[in-house]
Amino acid sequence: MRAILRHPVRRMERAGLRTGLRWKLSAAIALVAGLVTVVLGLVVHNAARVSMLDNARELANDRLMLAQRNYELNRGPVFPYVKVDDPELPEALRESVGRSRRASDVSQHGKDPDIWAAVPVKGGHVLSVHMHLPDRSTDMLRDLDQALIIGSVAVVLGGSALGVLIGGQLSRRLRKAAAAANRVAKGETDVRVREAIGGVVRDETDDLARAVDAMADALRQRLEAERRVTADIAHELRTPVTGLLTAAELLPPGRPTELVLDRAKAMRTLVEDVLEVARLDSASERAELQDIMLGEFVARRVAAKDPGVAVQVVHESEVTTDPRRLERVLFNLLANAARHGRPPIEVTVEGRVIRVRDHGPGFPEELLAEGPSRFRTGSEDRAGQGHGLGLTIAAGQARVLGARLTFRNVRPAGLPAEGAVAVLWLPEHAPTNTGSYPVLPAAGER
């Protein structure tokens, strides 16, 4: 299930730019708040300006009517703001007055609007009033604009803060869900995403968490069923394969007998490897811990396995581990290097780190990207032998030891790989979190 859940997540992470949800919500709320405040500010500003201009036009008309009555009685202007046949009178307003009716107009030639009111009088003259917005109205409009700007900024900042708060809460729940899902992808079967996010309020995040939990349960059940079927098949095959091997040993000596024995032994090894993989997948394996000198242990085991492999102990170190499982990991790495690589094979021990290097074509890119997988023997360069179980067992045994097994290629810049390197990183402390338990040191191991 770890391989199924992990790689789509990696592809999605590479697909686009990572952006926090809280900042997206904050930016969206700030943008909407800014647009709303700008529109409302323009509407309020224009409404206030139109209202002030209408009041000023009414005032100009009132003054004009009063001046008209006085002019008709006195035959001349009696107010300083009233002019007869003013040459600055707008042409459009002059034409409207020429049709024997009173008219008013607002024109914008400078910073302040010009308010005109005119009416025809006897003798073919035009009586007109020219005025500007009162200073009080101008000050009120300026104060209103300032208040609108301050209010707009306050609304945008408040909306941004609200977006950060809301987005932070939602993002926190999603991060908890993602962390729990990653733990599930790493093989922690007891993790529930819905319990990890917590909270009293129910929202879409809870629906997502329940869906992930349901998916993880379905995958877990499917993988467990697959593991049980694999283990049952391998277990059922063990007895007939053992009988086949025993019967082959009773055949008369000769080349056919050797071929049958070779294939029977290969089949028995395959059955044992499949059973071991099934046990490792069940997460029921526990390490039996002992204190050993790592460099001495590796040198002695490698010399017994293949005297032609060079072992270099750069720095000796005492570690607490399971010697049997460590030997299994080491031998599988050596077998993989011998089968798929080319000599010389080198083993280096430095502190708690063991490196196994060959000089072959290197590991396939799929293995470097996704890790070992059962029954996948790699690319054509490293294919043709084995069943892909050796590195899978090595990685599983490393997990039981609490260790980390990594793979890389020795690749000069711009050139093909010049070898494969498998690195086993043993933990600094005993792997008690894997359920391991200490035992007395074996004779001859110290």
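## Close-up views of the sheets, helices and cavity

**View 1. The pairing of strands β9 and β11.** Residue V353 finds its bridge partner in W425, a residue of β11. This pair of residues belongs to a predicted model, and the views that follow show parts of that predicted model. Strand β9, which covers residues 353-357, is joined to β11 by 5 bridges, and these two strands run antiparallel.

**View 2. The open sheet of 5 strands.** Read across the sheet, the strands follow the order β6-β8-β9-β11-β10, and their pairing is mixed. The edges are taken by β6 (310-315) and β10 (404-409), each of which has a single partner strand, so one side of each is left without a neighbour in the sheet. On average, and with direction ignored, neighbouring strands of this sheet are turned by 15 degrees against each other. As background for looking at any such view, the side chains of a regular strand alternate between the two faces of the sheet.

**View 3. Strand β8 and its pairing with β6 and β9.** How many bridges join β6 and β8, and in which sense do these strands pair? Strand β8, made of residues 346-350, pairs with β6 in the parallel sense over 5 bridges, and within this pairing Q312 has T348 of β8 as its bridge partner. The pairing of β8 with β9 also has 5 bridges, but here the sense is antiparallel. Residue T348 takes part in this second pairing too, where its bridge partner in β9 is R355.

**View 4. The hairpin turn and the cis peptide bond.** Strands β8 and β9 form a hairpin in which 2 residues lie between them, and in the turn G351 has a positive phi of about 65 degrees. In the loop between α9 and β8 lies P344, which is joined to P343 by a cis peptide bond with an omega of about 0 degrees. For comparison, most residues other than glycine have a negative phi, and most peptide bonds are trans.

**View 5. Helix α9 packed with α11 and with α8.** Two packed helices are described by the angle between their axes and the distance between the axes. Helix α9 packs with helix α11 (residues 390-400) at an angle of about 155 degrees, and the two axes are 9 Å apart. Because angles over 145 degrees count as roughly antiparallel, α9 is roughly antiparallel to α11. The crossing in which α9 passes α11 is left-handed. Helix α8, which covers residues 294-305, packs with α9 at an angle of about 55 degrees, with the axes 11 Å apart. The helices α8 and α9 are therefore described as oblique to each other, and their crossing is right-handed.

**View 6. The largest cavity and its lining.** The structure holds 1 cavity of 30 Å³ or more, and the volume of the largest cavity is about 60 Å³. Its lining is made by 12 residues, among which L333, N336, V356, F363 and A422 lie nearest the centre of the cavity. Which elements each supply at least two residues of this lining? They are helix α9, residues 323-340, and strand β11, residues 420-425. Sorted by class, the lining has 9 nonpolar residues, 1 polar residue and 2 charged residues.

**View 7. The open sheet of 4 strands.** This sheet has the order β1-β4-β3-β2, and its pairing is antiparallel. At the edges stand β1 (82-84) and β2 (103-107), each with a single partner strand, so one side of each is left without a neighbour in the sheet. Neighbouring strands of this sheet are turned against each other by 25 degrees on average, with direction ignored. Strand β3, residues 114-121, pairs with strand β4, residues 125-132, in the antiparallel sense over 8 bridges, and A117 has V129 of β4 as its bridge partner.

Definitions and conventions. Residues are numbered from 1 along each chain as its sequence is written. This is a predicted model: local features need pLDDT of at least 70, side-chain atom pairs count only at pLDDT 80 or more; totals for chains, interfaces and linings use all residues. Side-chain values use heavy atoms; hydrogens and water are left out. On a 1 Å grid over the protein atoms alone, a cavity is a set of points where a 1.4 Å probe fits but cannot get out, and a pocket is an open set with protein on both sides within 12 Å along at least five of seven lines; lining residues have an atom within 4 Å of a point. Grid points are joined across faces, edges and corners, and a volume is the space filled by probe spheres set on the points. Ala, Val, Leu, Ile, Met, Phe, Trp, Tyr, Cys and Pro count as nonpolar, Asp, Glu, Lys and Arg as charged, and the others, Gly among them, as polar. Two strands pair if DSSP finds at least two bridges between them. Axes are lines fitted to C-alpha atoms, for helices over the stretch in contact, and angles run from 0 to 180 degrees between N-to-C directions. Angles under 35 degrees count as roughly parallel, over 145 as roughly antiparallel, 65 to 115 as roughly perpendicular and the rest as oblique. A crossing is left-handed if the near helix is turned anticlockwise from the far one by less than a right angle, and right-handed if clockwise.
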